[in-house]
Amino acid sequence: MNDLGDLPALLRNPLTFLTECAAGNERLVPLRLPFMAAFLLLDSADIERVLVTEHRNFVKPIWLRTRAVRRLLGDGLVTSDGEDWKRQRRECGPAFQPASIPGYARTFTTLTARMLEGWVPGQSRDIQRDMSRLTLDIVAETMLGADIRADADAISEAMDTVLHCFAAPE
């Protein structure tokens, strides 16, 4: 085992890594990460317990609340704790109500169809780039009500730069 544990495999191919973690049908998968204990919860009841019913018993790690991480991710739900987290959770709660989901599904379908219209049979595609762009479009539209097509290349490039900073060297 190298001292980076599971981190290189996770960064190299997240989907494959997480699929392999889930293949064992365990509810809780321990992850080997540098300098911290981490677990992957795979059971929806356990996830609800951590995020909703018993959230007061689970504290975010100190590194997630550092100035550097907050500069990158902002002062949102991911990095906040306590009263700030509760206030933000209440404010964004309506966006996650079951009544909102059909509207999101329509947006997902519309934006996916728009992306596919640009595809040509037999053409080689960079699927990671296409899916990242689609995800960015969906988040901008559903969360911000914004059409970012005109700025998508610049935004994608900026996001790639930021994500590259977190990638482990091969």
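Tutor: A residue is called buried under 20% relative accessible area, exposed over 50% and partly exposed in between, with a 1.4 Å probe and protein chains only. By that rule 21% of the 170 residues of the chain count as buried. The model is predicted, so local features need pLDDT of at least 70 and side-chain atom pairs count only at pLDDT 80 or more, while totals for chains, interfaces and linings use all residues. Residues are numbered from 1 along each chain as its sequence is written, and side-chain values use heavy atoms, leaving out hydrogens and water.

Student: What makes a stretch of the chain a helix or a strand?

Tutor: Both are DSSP runs, numbered from the N terminus: a helix is H or I over at least four residues, a strand is E over at least two. On that basis the chain has 8 helices and 2 strands. From the N terminus the order is α-α-β-β-α-α-α-α-α-α.

Student: Why is the pair of aspartate 46 and arginine 27 called a salt bridge?

Tutor: A salt bridge needs a side-chain nitrogen of Lys or Arg within 4 Å of a carboxyl oxygen of Asp or Glu. For aspartate 46 and arginine 27 the N to O distance is 2.5 Å, so the pair qualifies. The pair links distant parts of the chain: aspartate 46 is in helix 3 (residues 44–53), and arginine 27 is in the loop between helix 2 (14–23) and strand 1 (28–33), 19 residues apart.

Student: Are these two residues buried or partly exposed, and how do you know?

Tutor: Aspartate 46 has a relative accessible area of 9%, and therefore counts as buried. Arginine 27 has 48%, so this residue is partly exposed.

Student: Which residues make up the network of salt bridges?

Tutor: Arg27, Asp46, Arg49 and Glu54 are linked in that network. A search of the whole structure finds 13 salt bridges.

Student: What makes aspartate 75 and arginine 70 a salt bridge, and why are they called partly exposed?

Tutor: Their closest N and O atoms are 2.5 Å apart, so they form a salt bridge. Aspartate 75 has a relative accessible area of 49%, so it is partly exposed. Arginine 70 stands at 23% and therefore counts as partly exposed.
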